[in-house]
Every structure is written in C-alpha cells, then in structure tokens.
Amino acid sequence: MVLVTVQLPPEATLAQAMRQLGLNEDEVDTAYGLVPLDPAQGLYALRVTEDAGDRVTPAAGGPFSDPPIEPYGPPR
C-alpha cells in the first residue's frame, strides 16, 4: 500500500472520495480511512494499493511509501 494526497470537496467522506476517484474497497485501506490534512482546502490522504496510487492524480504529490513505524533499538 502507498499513501496519496488528493483534492476533494471540504468535509468529504471516504465513500465520496472512493466514488469521485473511481476506487473500490479492494483498492483502499478502509480501516485507515480518509485522513484530513487541510480540510478547509479540501486536502486529504488515502492509503491505497500501488496500482490505484498510480491511477489517482494526487494534488500534492505521491504516491508515497508507507513504511511501518517501529522503535529504534531496545526499549529503555
């Protein structure tokens, strides 16, 4: 999966985003959801498959990798 940023109407929902971008549930991480980056400007992030990321025209760039975030070294 990759992250993409997309321009959508303010206060968009995940269902609206999927419909507008032509994505189906198999291509979108619905658990991740639609993350508002700047909702007043209509800028959101989605986690999608690589193929879907290549198809979607991102507003601010991408697709971006989505590496796991893990602690570095032993816990203190």
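User: Which backbone oxygen does the side chain of Gln7 reach?

Analyst: Look for a polar contact, meaning a pair of N or O atoms within 3.5 Å; within protein, one must be able to donate a hydrogen and the other to accept it, and residues adjacent in sequence count only if both atoms are side-chain atoms. Here the side chain of Gln7 gets to the backbone oxygen of Gln41, at 2.3 Å. Keep in mind that this is a predicted model, where local features need pLDDT of at least 70, side-chain atom pairs count only at pLDDT 80 or more, and totals for chains, interfaces and linings use all residues. Residues are numbered from 1 along each chain as its sequence is written, and side-chain values use heavy atoms, with hydrogens and water left out.

User: How do the elements of the chain run?

Analyst: Helices (H or I, at least four residues) and strands (E, at least two) are DSSP runs, numbered from the N terminus. This chain has two helices and four strands, in the order β-α-β-β-α-β.

User: Which residues of α1 are buried?

Analyst: An α-helix has 3.6 residues a turn, so residues three or four places apart point the same way. In α1, the buried ones are Leu14, Ala17 and Met18. They share one side of α1, because they cover an arc of only 95 degrees around the axis (the arc of the directions from the helix axis to the C-beta atoms). That buried set packs against β3 (43-48), while Arg19 and Gln20 are exposed on the face turned away. Gly22 follows α1, with a positive phi near 70 degrees.

User: What does Glu27 touch?

Analyst: Contact means heavy atoms within 4.5 Å. Glu27, in the loop between α1 (14-21) and β2 (35-38), is buried, at 13% relative accessible area. Leaving out residues up to four places away in sequence, its contacts include Met1, Arg47 and Arg55.

User: Where is confidence lowest and highest?

Analyst: Check pLDDT, the predictor's confidence in each residue, from 0 to 100. The chain averages 85, and 89% of the residues score at least 70. Strand β4 (residues 64-65) is lowest, at a mean of 70, and α1 highest, at 94. Where pLDDT is low, the predicted coordinates should not be read in detail.

Terms used:
Buried means under 20% relative accessible area, exposed over 50%, partly exposed in between (1.4 Å probe, protein chains only).
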